[in-house]
Amino acid sequence: MPGVAARMRLTEGDQDFMRTARASITHHSRLAASLAVAALLGMSTSKATAQEPEPATREAVIETAQADKLPTLHPYVERKGERLMESLQNYLNGVHTGWHPFLESAYRGGGFAVGAGYQQYVSPYNFIDVRGSYTVSGYKRVEAEFVAPRLFERRARLSVLGGWRDATQVGFYGIGTTGTSVNDRLDYGFRRPYASALLTVKPARNPWMAQGGAEWTKWDERRPDPGRPSVDTKFTPATLAGLGADPTYLHAQGTVGFDWRTSPGYARRGGFYGVTAHEFHDRDSAFGFRQLDYEAIQHVPILREAWVLSLHAKASTTSKKVGEQIPFFMLPALGGGADLRGFNSWRFRDRDSLLLQAEWRIMANRYFDTAVFYDAGKVTSRRADLDLHRLKSDYGFGARFHAPFVNLLRIDVARSNERNLALVINTTAAF
Amino acid sequence: MNIPFFSRSIRLLAALVCVLTAAAIMTTPAFMTAPRFYDDDPIAREPESQDASKAQGYEIVDLYEMTHNLFVTAGYKPTGVRAQNINTVDEVPDSNWFTNRIGSRAITVDELVRGPNAGPPPDPSRWVVIHQKTSGVHPGITVKDAGGQTWFLQFDPAYFPEGPTSAVAIASKIFWALGYNQVESFVTTFDPRVVEIDPEVRVTRPSGARTPFTRADLKELLEPLARRPDGTYRAVAGRLVPGRVIGNFLFEGTRPDDPNDVVPHEHRRELRALRVFGSWTNLTDLKAANTLDTVVTENGRTVVKHYLQDVGSTFGMNNDLHEWDLGWEYFYKGSPTLKRLFSFGFALSPWQKAHYVEYPSVGKFEGDRFDPRTWKPQTPTTAYMETRGDDEFWAARRVAAFTDELIRAVVHTGEFSDPAAEQYLGDVLIKRRDTIARIYLTAINPIVSPRLEANALTFENAAVVLDIAKAPTAYHAAWMRFDNATGDTEPMAVTDSDTTTIPAPRDLPSSPGEIVAVEVSADSEYPAWSRPVRTYFRRAGDGWTLVGLERLPGDAAPVRRQASR
């Protein structure tokens, strides 16, 4: 086979190119490597019998390799997983239509939720999102939201929401901080249709923000799922305000604040200071009240953000309207994955509440933080008692997986005098 | 670049062909081996012989590339293969990727400050928006100027006034001098009052709808930018590149649609060398999206031309004001993650200890703690992983070729309003240049520019010439006759010298075409210099011509290691 023999006279340069072509394609396939070697060596039938002259120059060697590539030309072929990554990229960039996961529970204490939503744009920026979730405790949530994120030249965001929630076993441990016990848990359930409109305004391109909205909601109190005693086994409407009541509220709220966090969803610096006023108007004038929430969040970066000391304080106070009462299920409450993480959800309820949280977050890498935290808080029947005495507290550690501006997964393990280990799995930041 | 699916039977057939091929290689007599050096060696230009007009557009998904690089490429074991696109004297021939400039010839200040800019700057008296950028970190738009020329405008965010624009203006000239194809870039002024919007311009909304680009869109685009007191904006204008744009090139494999692209990109020296050039300039955003391939017709042939398109993520001009670890760590790497995790952050990372003198127009860029060996881009590319000592040496010589005067001159083209910022950027570039030279030019035997004439071998020591190393106490030359047909060598003599001129043996061949190989080593404080550089000279007329140089002879691990990825 003279043709073959001639082609066997390889220079180092040839061998380099042979290696090169082999490497080029081996990267993707051993088969391709085989073919490339064969091509460069002239092992194809046509080359083996064509009596082609041996390249006499370096240029000719390279040109031969280029000519040999001609039969294998083809457009780029997308790699496995590339489309999936594109969808994820769009999702993280906030450009997502169609189906998406929805992991928010109907109500605190419902446990881990699974669900899905479907987002459809109705204009270039405005969209409707229909979603639903179901929790391990059987809580159900179905809702539809219309969002117009760029009203008034991008200075306002409007959300119009309508839906229905079913909470089957919400805990109630009595009123107050000290006179209650975790062993005294009673349950209640409710179903709640609701409709709301919330307008958030940032009047200028500075940290000042204002938010206002209204919500219509009807509480339909129900007996809880079997398992624990129902609230009505120990209390009566005379001893527990709101028991058995089905109030219909028109809830108006307004917030003014100063928000210079990089993002409410995830931040390593900046802060938020705001006051929110709520007006709960009961259609039957039996359970109307007012509530004020004072909230401060401050993220303090240390060591070039390798550490972040995050501080959170929130106080809620309520005031009854003349002749009306505040139903127990509307009282400010503490306990659960968002506040006193080492305590059961809804563990403490009363007219006023105080929550203090500190987190020391440690940046493991750009997308993963660990945290050590301490929570303390109390509920009181008098505003004057909102002090730092006799606070209930817990501590723990956790991990946060996040994108630059949004928390994706938060896992906290907390310990308190009531629970050895409380596990919190959530998709939102603690604060 | 992926290979289409083949059936099992075709795979078997291919494997059989491969086995037969290997058998044929092993049974071929040694005397059949072709010449080590061809008559045209060393080539000065990589030929591009085939028509590439059918090359098509492709852009890899950003997140896919990032994830792949962080979790696959970062664990890639380098093959150790010598760069594959170099000529026989260890240099990179000119190509549609690379043009020899600084380090190969003298570059004047005038030439450098002009850089890739061949035409006049834009006329900013009128802008017509014709396209909006839809990707990337810093906002940008495509416009026509008053003269009808098409430009891509990039701006400065409010927190980095003059930063990204000066980075592009400076870095495009540096990378042009280093040999890369660069976009013509000019610092200019963008006055919204003289802007018109082409009614045909469309922008993709979150819904996916493409609707007209409006004044409100322009206002939104300009809102987060650094605005001058007179209401104008500083911008850097990149001229539209000639040819048909076909997306990006990757830092591994070859374009499957370009017949002339036969060297895997990870084995192209100029792409490996970005590890050194990138460290010098802190070009952290090494990814396909910052490259550009175009199809152009030159000298009657349609070929693909490759650009390093966006070199604006240089110096301290990275994505965000508060990103401290860029240049020090990949976006993700296991070991520092675990270190911080288990030490609760008390084990400080190097980026937490570096001291920065921060100018908004320069950002976080320092030269005191800089070490090019530990410098990291945001994500590693395969070419970055494949970089060898000879690639780093080659690159370091080019960095070292930038004199203080050249560096000060090119930094001046950033048009800083703060002279202190300009001074600082120049200072840091000089410091980092010196560090690179000190590390890489002493890491392996730095013999360069060998000449065989007047019965003596003369050369230079790149490290000694730059005064970053003491002269060796002795040089040794092992002389061999070299059979170009078989590759066999026959020892002739060993000669020594304490200077960079070593006498040749008396019995050097005298017939035209004969080749001698000379291995040159040195006794010095650097153990690596005892490893010889192998040079080859061919008798031509009355003299000798350098035809070969291997800086790390024998270091060419088999490519099959690559299959283990």
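In what handedness of crossing, left-handed or right-handed, does H11(B) pass H13(B)? The crossing is left-handed. Please keep in mind as you look around that this is a predicted model. The predictor gives the complex an ipTM of 0.88, along with a pTM of 0.86.

**Two helices of chain B, H11 and H13**

- Helix H11 of chain B spans residues 389–400, helix H13 of chain B spans residues 419–443, and the two pack at an angle of about 140°.
- Their axes lie 8 Å apart.
- Angles over 145 degrees would count as roughly antiparallel, and those from 65 to 115 as roughly perpendicular, so H11(B) and H13(B) are oblique to each other.
- On the H11(B) side, the contact is made by Gly389(B), Glu392(B), Phe393(B), Ala396(B), Arg397(B), Val399(B) and Ala400(B).
- H13(B) brings Arg433(B), Ile436(B), Ala437(B), Tyr440(B), Leu441(B) and Ala443(B) to the contact.

**Pro122 of chain B**

- You will find Pro122(B) in the loop between helix H3 (109–114) and strand S1 (127–132) of chain B.
- Pro122(B) counts as buried because it has 25 C-beta neighbours inside 10 Å, where 20 or more are needed.
- Beyond its neighbours within four places in sequence, Pro122(B) is in contact with Asp145(B), Gln149(B), Trp151(B), Phe186(B), Thr188(B) and Ala237(B).
- One of these partners, Ala237(B), is 115 residues from Pro122(B) in sequence, yet their C-alpha atoms are 7.4 Å apart in space.

**Helix H2 of chain B and its cover from chain A**

- Helix H2 of chain B (residues 62–71) has Tyr64(B), Glu65(B), Met66(B), His68(B) and Asn69(B) buried.
- Helix H6 (82–92) of chain A is included in what covers the buried residues of H2(B).

**Chain A as a whole**

- Chain A contains seven helices and 19 strands.
- Of the 431 residues in chain A, 36% are buried.
- Taking contacts in chain A between residues at least 6 apart in sequence, 55% join residues at least 24 apart.

**Confidence in chain B**

- Chain B has a mean pLDDT of 90, with 91% of its residues at 70 or more.
- Residues 1–32 of chain B have pLDDT below 50, and this stretch has 45 contacts in the model beyond near neighbours in sequence.
- Residues 557–565 of chain B also stay under 50 in pLDDT, and the model has 18 contacts for them beyond four places in sequence.
- Where pLDDT is low, predicted coordinates should not be read in detail.

How values were computed: Residues are numbered from 1 along each chain as its sequence is written. Chains are lettered from A and ligands numbered from 1 in the order in which they are written. This is a predicted model: local features need pLDDT of at least 70, side-chain atom pairs count only at pLDDT 80 or more; totals for chains, interfaces and linings use all residues. Axes are lines fitted to C-alpha atoms, for helices over the stretch in contact, and angles run from 0 to 180 degrees between N-to-C directions. Helices (H or I, at least four residues) and strands (E, at least two) are DSSP runs, numbered from the N terminus. Angles under 35 degrees count as roughly parallel, over 145 as roughly antiparallel, 65 to 115 as roughly perpendicular and the rest as oblique. A crossing is left-handed if the near helix is turned anticlockwise from the far one by less than a right angle, and right-handed if clockwise. Two residues are in contact if their C-beta atoms, placed from the backbone, lie within 7 Å. A residue is buried if 20 or more other C-beta atoms lie within 10 Å of its own, exposed if 12 or fewer, and partly exposed in between; C-beta atoms are placed from the backbone. pLDDT is the predictor's confidence in each residue, from 0 to 100.
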